[in-house]
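Here is a short report on one chain. Have the viewer open as you read.

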Amino acid sequence: MFYTLTKSAISRLNAALAASVMGCVFALAPFDEGAAQAETAAVDPVLTVVAAPDAPEVVLDRAALEALPREVVRTKTIWTDGVTEFEGVSLHTLVQELGLNGDEMSFVALNDYAVTIPLVDAVEGGPILADTMNGVPMSVRDKGPLWVIYPFDANADYQAEQYYARSIWQLHRIQPTP
């Protein structure tokens, strides 16, 4: 499911969804804060993409990302212990599905940290936007909601500082590079 919404519409939708989800939680069971947060996270927007400077925002929730073809990358990283299994949407698929073009895009984290990733990286067998780690959906505390992961073990070329630097976590926005 894809949404095209303005920021103010997203804020109103988030508030309405959170209120709706919380009402359901109260109605169905005793209050469980962890379950309520999980339910709210399931319907919240996860990734906002702007394909071009004057293009409308495309906002994807977890269900929209899960509806796209998924890939699994099993690799060691400099941030995790041993081989870790990541699952998510490949950058290649995302570029094709959303019609991203140009030489590069800015990938922005929740704390406004940003990296530039050239779209030539969007190849089959290349990086994914991981939303699960070892089968568990990633929370913000665990580098989620999305983490750009290159298959470091599958391609020795990816074992270089430039690719480590592009492995941005807590990703929430992709936009044209300023």
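Which residues touch the most other members of the largest nonpolar core?

## The main core

Leu47, Phe107, Leu129, Leu171 and Ile174 do, in a core of 32 residues. A nonpolar core here is a set of buried Ala, Val, Leu, Ile, Met, Phe, Trp, Tyr and Cys residues joined through side-chain atoms within 4.5 Å. Buried means under 20% relative accessible area, exposed means over 50%, and partly exposed lies in between (1.4 Å probe, protein chains only). Helix 4, residues 91-98, gives the most to this core, with four residues. Helices (H or I, at least four residues) and strands (E, at least two) are DSSP runs, numbered from the N terminus. Apart from this core lies another, of eight residues, including Val73, Ala130, Trp147 and Ile149. In soluble globular proteins, nonpolar side chains tend to be buried together.

Take Phe107 as a way in. Leaving aside neighbours within four places in sequence, Phe107 is in contact (heavy atoms within 4.5 Å) with Leu91, Tyr113, Ala114, Val115, Ile117, Val148, Ile168, Leu171, Arg173 and Ile174.

## Model and confidence

This is a predicted model, in which local features need pLDDT of at least 70 and side-chain atom pairs count only at pLDDT 80 or more, while totals for chains, interfaces and linings use all residues. Residues are numbered from 1 along each chain as its sequence is written, and side-chain values use heavy atoms, with hydrogens and water left out.

pLDDT is the predictor's confidence in each residue, from 0 to 100. The chain has a mean pLDDT of 82. Of its residues, 76% reach 70 or more. Over residues 1-42, pLDDT stays under 50. For that stretch the model has 36 contacts beyond four places in sequence.

## Salt bridges

How many salt bridges are there? The count comes to five, where a salt bridge is a side-chain nitrogen of Lys or Arg within 4 Å of a carboxyl oxygen of Asp or Glu. Side chains of opposite charge can pair when their charged atoms come close. One of the bridges joins Glu87 and Arg70, at 3.2 Å from N to O. Glu87 lies in strand 4 (residues 83-90) and Arg70 in the loop between helix 3 (62-67) and strand 3 (71-76), so the pair ties together parts 17 residues apart in sequence. Glu87 is partly exposed, at 26% relative accessible area. Arg70 is partly exposed, at 26%. Arg70, Glu87 and Asp131 are linked in a network of salt bridges.

Arg74 and Glu85 also meet through their side chains, at 2.9 Å from N to O. Arg74 sits in strand 3 and Glu85 in strand 4, 11 residues apart. Arg74 is exposed, with a relative accessible area of 55%, whereas Glu85 is partly exposed at 25%.

Arg166 forms a salt bridge with Asp121, with the closest N and O atoms 2.8 Å apart. This pair links distant parts of the chain. Arg166 is in helix 5 (residues 161-166), and Asp121 is in the loop between strand 6 (114-118) and strand 7 (128-133), 45 residues apart. Is Arg166 buried or exposed? Arg166 is buried, with a relative accessible area of 14%. Asp121 is buried too, at 6%.

His92 lies in helix 4 and counts as buried at 16% relative accessibility. The C-alpha atoms of His92 and Asp121 are separated by 8.0 Å. Along the chain these residues are 29 apart. Not counting residues up to four places away in sequence, His92 touches Ala122, Val123 and Glu124.

## Backbone exceptions

Most residues other than glycine have a negative phi, and most peptide bonds are trans. Where does this chain have a cis peptide bond? The bond from Gly144 to Pro145 is cis, with omega near 10 degrees. Pro145 is found in the loop between strand 8 (136-137) and strand 9 (146-149).

Lys143 is in the loop between strand 8 and strand 9. Lys143 has a positive phi of about 75 degrees, although it is not a glycine. Lys143 is partly exposed, at 25% relative accessible area. Gln170 has a positive phi of about 55 degrees and is not a glycine. Gln170 is in strand 10 (residues 169-176) and counts as buried, at 18% relative accessibility.
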